[in-house]
Amino acid sequence: MTKLRIKKGYNIRIAGLPADEIIVGNAPSHISIQPSTFKSIKPKLLVKEGDSIQLGAPLFFNKNNPKIKWASPGSGTIKSIQFGPRRVIDNIIIELDHVEEKLVGQSFDFESIQSLGAKVVIDRIIDGNLFPMIRQRPFNKIPDPERLPDAIFISGFNTAPLTVNLELALSERLDSFQAGIDALSQLTKGKTYFSLPGESVLSHMNNCEINHISGPHPAGNVGIQIHHISPLKPGKIIWTIDAQHVATIGDLFLTGSYNPELIVTVAGPIVDSPTHIKSRMGSSINSLIYNKLKDGQSRVISGDVLMGVQSSSDGFIGFYDSTITVIPESDEREFLGWLKPGSSQTRYTLTNAFLNNGNQPFSFDSSLNGGIRALVPIDAWENVLPMDIMPIALFRSIIAKDIEEMEQLGIIECDPEDFALCSFACPSKIELSAIIQSGLDMVEAEG
Amino acid sequence: MKALRNLMDKMAPVFEEGGALEKLYPLWEAVDVGIYNTNKKTGQAPHIRDSVDIKRVMILVVFALLPLYMFGAINIGVQSSIAQNITRTWNENFLVGFNLIIPIFLVTFITGGFWEVLFASVRKHDVNEGFFVTGFLIPLIVPASIPLWQVAIATSFGVVIGKEIFGGTGYNIFNPALTARAFIFFAYPGAISGDKVWVSGVDGYSGATGLSIPAAVEGGNAKQLLDSFSQFDFSWWNMFIGWIPGSIGETSKILILLSAGFLIFTKVASWRIMIGGVLGLVATAWLTNGLASYSDNTMLSLPAEYHLVMGGFLFGIVFMATDPVSASQTNKGRWIYGILIGVMTIIIRSINPAYPEGTMLAILFLNAFSPLIDYYVIKGNIKKRMARYAK
């Protein structure tokens, strides 16, 4: 076991922290899956509007790798298929029939799972149409199932603002979670790493190496954990999977079918009694935030405030998301605001020094809080990036489209989510996280 | 305040695209966001942003400079009253200085502001806050007796050649305020090279500056020369407190140290550069002290603690060398950059016979070298990574 203390980073004190309890949410009438959110795949539909579909049956597959299919997160009828520009499939909406007719495949005893062998495990996950839950680093995309990983990383805690408390979410699914680890750990000749902030109910998992990692966000990001424990290098492939999805895969092996259960946080400054909600994959956001929004203009985000995607109350929760954040949209313009060294706003560069306002959470809104300027390097990025990466040099190489230098500076070890705090803290309001993504896209296209 | 906002919202279309004064949009934008915080919103993740922006960073530096303005104003009055052998109250001293500083300040801001708005209008970008700090720095590094036309020309040179031709704030190679100072230094050396004191209010008054005293004597002991100098009190304590003639803002070392603490505390300036600079200066001074007995160069015998409180070194290392854009931008690089500024300052002060003060030239010299320093620091990082990749 490795014990790691991450020093750099920052926990944003945003208001609307979810309570540490799980309530059962309203059952959604509609659920959805959004093919356009998956990077570097070519989705091809297997269903059409009006078809009826079983829970776990395939909705579409990847034309580039036809083995990889996406499971329907519920049973019912295909209500509509929405297309975006250039016939991109944006959204497949399913109207639930609440019968929950399941596609059932082979199941295994709890004990026998740990000796199935890589081939059986991977085929079962692919047949269960749940392979897209696995993502690879570098590039944070759905991996090629033929190329087994050099290691597997599972993060046992979230540090991003207002995200799910995984200890709470998994405490009732420990057997499924263990079965998931047992299955996944056979996919690699290397180790399966599981990171936790300290001792907890999750500390007694077998068939994985448990590491204790403490510190502020982004310590819970799997990219930071990989960087410190088993760093990427060219040719090395690491698979990662969200802890709740590990339990879903465990259920697939134990019961032979897809259990779409998902614990979701609904939180943010303008959410009434923010909390954890027992919901399901692809749930409609409306069923989650119903009657929970305070008055005023709001922005609904599927995912956390740092990496989520703007949605709306008519939208659906994203495939890899387990947080719905709602923040105020504000048009208010403060008079001579820049002259005040101590307004009620928490500001990163100063919070660590003075004008701390205690530990009062702050109602962040969607304001950029400044104009876009050229880079003035006062270490705002470096102070929140716990990686041995030079962000300014990397930023310049991406702007210059110098792929060779990007690779030398370690771009394949980077992921936009690890740089989201840099965008947050940047006084010049540079979108570093998005720029890192564009650099990764260039490197990936180059091959 | 609602009425003002409404009035400004009504005026806005005149400056926006298609309006009568659309060419002046950058000026309008600067005024608009100067009075009210911007209403720009996040367009992509992260959806929330810290409330620090370049304006707030710059205003913190200005806060750190304000005590130096106060002290500078009083000190101008004090020095001129000593020269004229009259007694004044604190208020009177302050007013003497205040009346001299305000015109310099206004000329700096009008000239610099003109260039900023002109370049922003031509390039069609927002007016940058960078000049705000430059404008506050320039009056502090010139003597109160400077002719205003020199201020205007120097500011123009500093802003245009030092910054705008490279693309504006964030792209400049040299610190614009120091570039302005260097311009006066070389263009009008008689007035500002640093071997004669500047005391305003008295015609034809002259005396030696602290640094030029040991520089002018061969084979003496610098500390004794300073202590026995009668025209001004050049004792260590008095130079530390700052009641000596000099440029407006650089004399009070204790206030500069307090401001440095504020800048480090708010994480605006790099402590690595400041500490590195002091270390470089002290170490090199010890070295020259050791060599002093082999030479008749009196400057070599000036102790390190005197070097620290004399001339513009502390002001330079705290406010000029730490300009984040023209300094080194890697942490290892900042140490090297700071240390070399300290070393170069002593070399110019002690070994170069032409200039008694070397801080400004040392900083400009290292400004030019900071990209090279960073280049090797980044190469080091790459080399380490490549070694790991090859394993």
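What follows is a walk through the two chains of this model, their folds and the contacts between them.

The model is predicted, so to speak of a local feature a pLDDT of at least 70 is needed, side-chain atom pairs count only at pLDDT 80 or more, and totals for chains, interfaces and linings use all residues. Residues are numbered from 1 along each chain as its sequence is written, while chains are lettered from A and ligands numbered from 1 in the order in which they are written.

Helices (H or I, at least four residues) and strands (E, at least two) are DSSP runs, numbered from the N terminus. The radius of gyration of chain A is 22 Å, close to the 22 Å from the globule rule for 447 residues, so chain A is as compact as a globular protein of that length. That radius is taken over C-alpha atoms, and the rule is 2.2 Å times the number of residues to the power 0.38. Along the principal axes, the C-alpha trace of chain A spans about 65 × 50 × 50 Å. Some 53% of the 447 residues of chain A count as buried; that label goes to a residue with 20 or more other C-beta atoms within 10 Å of its own, with exposed meaning 12 or fewer, partly exposed in between, and C-beta atoms placed from the backbone. Of the contacts in chain A with a separation of 6 or more, 70% involve residues 24 or more positions apart. A contact here is a pair of residues whose C-beta atoms, placed from the backbone, lie within 7 Å.

One piece of chain A is an open sheet of 6 strands with mixed pairing, in the order β1-β13-β12-β11-β14-β10. Strands pair if DSSP finds at least two bridges between them. At the edges sit β1 (3–5) and β10 (135–137) of chain A, each pairing on one side only. Neighbouring strands of the sheet are turned by 30° against each other on average, direction ignored. Within the sheet, β11 (residues 151–155) and β12 (residues 192–196) of chain A run parallel over 4 bridges, and A:Ile152 has A:Thr192 in β12(A) as its bridge partner. Helix α4 (residues 222–229) of chain A packs on this sheet, touching β1, β10, β11, β12, β13 (209–214) and β14 (238–240) of chain A, and its direction makes about 130° with that of β11(A). For such angles, axes are lines fitted to C-alpha atoms, for helices over the stretch in contact, and values run from 0 to 180 degrees between N-to-C directions.

Chain B has 17 helices and 0 strands. Its C-alpha trace spans about 70 × 70 × 35 Å along the principal axes, and 51% of the 391 residues of chain B count as buried. Chain B is divided into domain 1 (2–35) and domain 2 (54–378), with bounds from an automatic or database domain assignment. The C-alpha centres of these two domains of chain B lie 38 Å apart, and 6 residues of domain 1 are in contact with 6 residues of domain 2.

As for the interface, 55 residues of chain A are in contact with 46 residues of chain B. On the chain A side, α10(A) gives the most, with 4 residues.

Technical notes. Contact = placed C-beta atoms within 7 Å.
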